[in-house]
Number of protein chains: 2
Amino acid sequence: MKDRPIGVFDSGVGGLTVVKQLMKEMPNEDIIYFGDTARVPYGTKSESTIRKFSIENVLFLLNFNVKLIIIACNTSSAIGLPFLSKFFSVPIIGVIKPGAKAAIRATRNGRIGVIGTNATITSGAYEQEVRSINPRIKVFSRSCPLFVPLAEEGWANDGIVEAAAKKYLSGFKEKGIDTVILGCTHYPLLKKAIGKALGKTVKLVDSAEETAREAKNLLEECGAKYPGKRTGRTKFYVSDAPEKFMDVAKKFLGKDVKAAEQVKDV
Amino acid sequence: MKDRPIGVFDSGVGGLTVVKQLMKEMPNEDIIYFGDTARVPYGTKSESTIRKFSIENVLFLLNFNVKLIIIACNTSSAIGLPFLSKFFSVPIIGVIKPGAKAAIRATRNGRIGVIGTNATITSGAYEQEVRSINPRIKVFSRSCPLFVPLAEEGWANDGIVEAAAKKYLSGFKEKGIDTVILGCTHYPLLKKAIGKALGKTVKLVDSAEETAREAKNLLEECGAKYPGKRTGRTKFYVSDAPEKFMDVAKKFLGKDVKAAEQVKDV
């Protein structure tokens with residue numbers, strides 16, 4: 001059990017921000033990453049399709065005998081996690097609960113904003129999670145569908161991103177929010193423009209660090225953490241051709257991905 | 001043969017602009033439309049994945065015993081058509097050749113611009129097509145990856161679209177281009193902003209009308225056109241949940257889509 005790998009999946013590359021934190025938190029664990037780059041994005045698709053893709057991704061990772069699955073995608077966590085946990089016996093965690101916890105710790109005035117894809121925001125997953133931990137906190141949410149293509153276009157520090165951020169987030173200013181959850185793994189790339197649109201006093205929370213900590217706690221609790229000293233290996237699988245993935249992976253992972261294998265049929 | 005339907009596929013909704021012109025050109029023909037809304041977009045994916053999806057779409061349409069297949073998607077036409085024509089015996093046409101022909105007719109100074117997705121522009125399909133018809137015409141191309149999400153966000157007449165159009169197209173102005181091919185079925189929705197960025201004297205060409213005419217000519221040539229008087233029926237199939245497709249279809253088709261059926265496994 002202890003030397004089995006941790007499985008991580010995402011609709012594309014964004015989930016690598018979680019892998020980065022996992023490597024920091026548990027450098028001796030092996031990781032299998034799957035990015036569904038042939039069918040990305042998930043955030044604009046319907047619940048039934050996101051559920052179908054999520055099941056297929058779990059089944060793919062189970063081929064590697066993983067001891068834990070981390071859904072490193074907000075959309076798939078919001079829509080898929082509740083029923084995946086029911087279907088499969090392997091422990092599965094998502095990024096919503098860790099993100100909500102981090103935001104609750106960060107807020108001073110109990111007013112939290114959430115931004116994400118259409119599917120994540122429509123699901124209401126963050127509101128439900130925050131409410132179940134502390135029902136007195138007020139949550140305001142807004143979908144920002146253009147942030148993913150803008151981040152992928154590499155226009156992070158362009159006036160166009162700032163204009164889009166202003167358009168999406170102007171409503172948050174009047175609400176007196178002091179903390180905003182970046183509810184999509186692409187959004188940290190646009191932190192500067194989002195921060196500018198919200199104002200300096202608003203804290204931005206991304207769930208990657210907290211998710212890695214939750215994974216560690218869970219493995220320790222069930223005695224499944226690798227105990228020895230070694231450098232864990234990470235293998236990357238994608239559904240589209242690997243070249244583009246390897247190109248952009250550096251932005252998210254903070255280091256080069258030397259090889260990624262294409263999976264024909266997920 | 002004559003009463004068999006025409007098959008049309010696209011990565012999503014954009015191909016409905018072609019269906020609209022087909023209905024105008026040949027109102028007595030039956031049409032089967034397939035939009036691959038669960039895997040949209042194609043334009044950011046690799047050639048091998050676009051080819052795989054295109055084959056699957058053709059195989060799906062063949063279930064309906066179609067007499068002609070129209071690839072109403074620029075990306076799939078650019079990447080998929082050359083080998084689909086080799087693999088399958090059913091006649092298959094795309095939107096690239098009709099678009100190139102229309103642009104060649106429209107240009108006065110022999111300087112044509114092409115805009116499209118990453119995959120379409122990288123393929124060089126429009127340049128090759130124009131060159132094979134008239135090698136003296138100069139073609140300049142530019143991919144505009146944000147235009148599809150901008151059109152889908154419904155920000156067609158927003159300053160942000162104008163800023164993006166200016167950023168993408170400023171290089172075209174110096175080239176003395178007098179005609180630009182809208183090499184993606186989404187782009188006609190952004191005609192106003194694109195026209196503003198290029199200047200009034202530049203003609204914008206979209207290939208939907210010309211494609212419908214080519215389809216009609218082809219059916220007449222092989223004696224497969226439906227000869228009688230009737231109102232043709234159009235059936236819509238999609239791979240994601242049909243609700244969103246039906247919502248946005250009106251923008252592209254110019255009228256309501258009353259029903260669309262979800263296909264589970266394309």
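Predicted model: local features only at pLDDT ≥ 70, side-chain atom pairs only at ≥ 80, totals over all residues.

Residues are numbered from 1 along each chain as its sequence is written, chains are lettered from A and ligands numbered from 1 in the order in which they are written, and side-chain values use heavy atoms, with hydrogens and water left out.

**Stop 1: the two domains of chain A**

Colour residues 6-94 + 208-262 of chain A as domain 1 and 96-207 as domain 2; these bounds come from an automatic or database domain assignment. The centres of the two domains, taken over C-alpha atoms, are 22 Å apart. Across the boundary, 23 residues of domain 1 are in contact with 23 residues of domain 2, where contact means heavy atoms within 4.5 Å.

The area buried between the two domains of chain A is about 1,700 Å², and carbon and sulfur atoms give 53% of that area. Buried area here is the accessible area (1.4 Å probe) that two parts lose on being put together, summed over both.

**Stop 2: helix 8 of chain A**

Now select residues 159-174 of chain A, which form helix 8. Helices (H or I, at least four residues) and strands (E, at least two) are DSSP runs, numbered from the N terminus. Helix 8 of chain A has 16 residues and reaches 23 Å from its first C-alpha to its last, close to the 22 Å expected at 1.5 Å a residue; the expected span is 1.5 Å times one less than the number of residues.

At the start of this helix, a side-chain oxygen of A:Asp158 comes within 2.7 Å of the backbone nitrogen of A:Ile160. Further along, look for a kink of about 45° centred on A:Tyr168. The bend at a residue is the angle between axes fitted to the seven residues ending there and the seven starting there. After the helix comes A:Gly176, with a positive phi near 70°.

Which residues of helix 8 of chain A are buried? Select A:Ile160, A:Val161, A:Ala164, A:Ala165, A:Tyr168, A:Leu169 and A:Phe172. Buried means under 20% relative accessible area, exposed over 50%, and partly exposed in between (1.4 Å probe, protein chains only). An α-helix has 3.6 residues a turn, so residues three or four places apart point the same way.

**Stop 3: from chain A to chain B**

Stay on helix 8 of chain A and click A:Lys167. At 36% relative accessibility, A:Lys167 counts as partly exposed. Leaving out residues up to four places away in sequence, A:Lys167 touches A:Arg142, B:Trp155, B:Asp158 and B:Ile160. A polar contact of 2.3 Å joins the side chains of A:Lys167 and B:Asp158. A polar contact is a pair of N or O atoms within 3.5 Å; within protein, one must be able to donate a hydrogen and the other to accept it, and residues adjacent in sequence count only if both atoms are side-chain atoms.

Now follow B:Asp158 into its own chain: this residue caps the N-terminal end of helix 8 of chain B, with a side-chain oxygen 2.7 Å from the backbone nitrogen of B:Ile160. Helix 8 of chain B bends by about 45° at B:Tyr168.

**Stop 4: a strand residue in chain B**

From B:Tyr168, step across to B:Ser143, which touches B:Tyr168 as well as residues including B:Gly116 and B:Ile121. B:Ser143 sits in strand 6 (residues 138-143) of chain B and is buried, with a relative accessible area of 14%. Its side chain makes a polar contact of 3.0 Å with that of B:Asn118.

**Stop 5: loops of chain A**

Select A:Pro41, in the loop between strand 2 (31-35) and helix 2 (47-62). The peptide bond from A:Val40 to A:Pro41 is cis, with omega near 0°. Then go to A:Asn65, in the loop between helix 2 and strand 3 (68-71). A:Asn65 is not a glycine, yet has a positive phi of about 60°.
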